[in-house]
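Dear colleague,

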Amino acid sequence: MVLDNESGLIYILCGSGPIFGHTNMNDIYELNIHTNSWRKLIFDKLIDARYGQFVVYYKRKLILFGGTFGLTFSNELIIFNLETMQVS
């Protein structure tokens with residue numbers, strides 16, 4: 001979870017569901033804290049579902065590192081551009 005203080009938007013990325021480690025997700029949601037409204041973000045490509053990742057917000061980008069798929073760990077660096085909705 002990361003916060004964009006200027007716009008009042010909170011971003012929630014990936015995670016695991018009720019069966020921990022077996023129901024991993026690759027969803028990204030945006031919460032507007034001013035209107036209390038949610039929006040699911042759709043990017044140009046999907047990433048592998050995961051949990052335990054590290055995410056920062058920088059210049060309209062969400063930068064994700066790592067995470068786990070259950071039994072294996074990732075060292076991927078993935079950038080989500082919130083202006084172009086592209087993943088690199």
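Two terms come first: strands are DSSP runs of E with at least two residues, numbered from the N terminus, and two of them are said to pair if DSSP finds at least two bridges between them.

This is a predicted model, in which local features need pLDDT of at least 70 and side-chain atom pairs count only at pLDDT 80 or more, while totals for chains, interfaces and linings use all residues. Residues are numbered from 1 along each chain as its sequence is written, and side-chain values use heavy atoms, with hydrogens and water left out.

Four strands make up an open sheet with antiparallel pairing, in the order S1-S2-S3-S4. Strand S1 (2-4) and strand S4 (37-40) lie at the edges with a single partner strand each, so one side of each has no neighbour in the sheet. From one strand to the next the twist averages 25°, where axes are lines fitted to C-alpha atoms and angles run from 0 to 180 degrees between N-to-C directions.

S1 runs antiparallel to strand S2 (residues 9-16) and is joined to it by three bridges; in S2, Leu3 has Ile10 as its bridge partner, and Asp4 has Leu9. The hairpin of S1 and S2 has four residues between the strands, and Gly8 there takes a positive phi near 75°.

On its other pairing, S2 meets strand S3 (residues 24-32) in the antiparallel sense over seven bridges, and the bridge partner of Tyr11 in S3 is Glu30. S2 is mostly covered, with six of its eight residues buried, that is, under 20% relative accessible area with a 1.4 Å probe and protein chains only.

With best wishes

Technical notes:
Buried means under 20% relative accessible area, exposed over 50%, partly exposed in between (1.4 Å probe, protein chains only).
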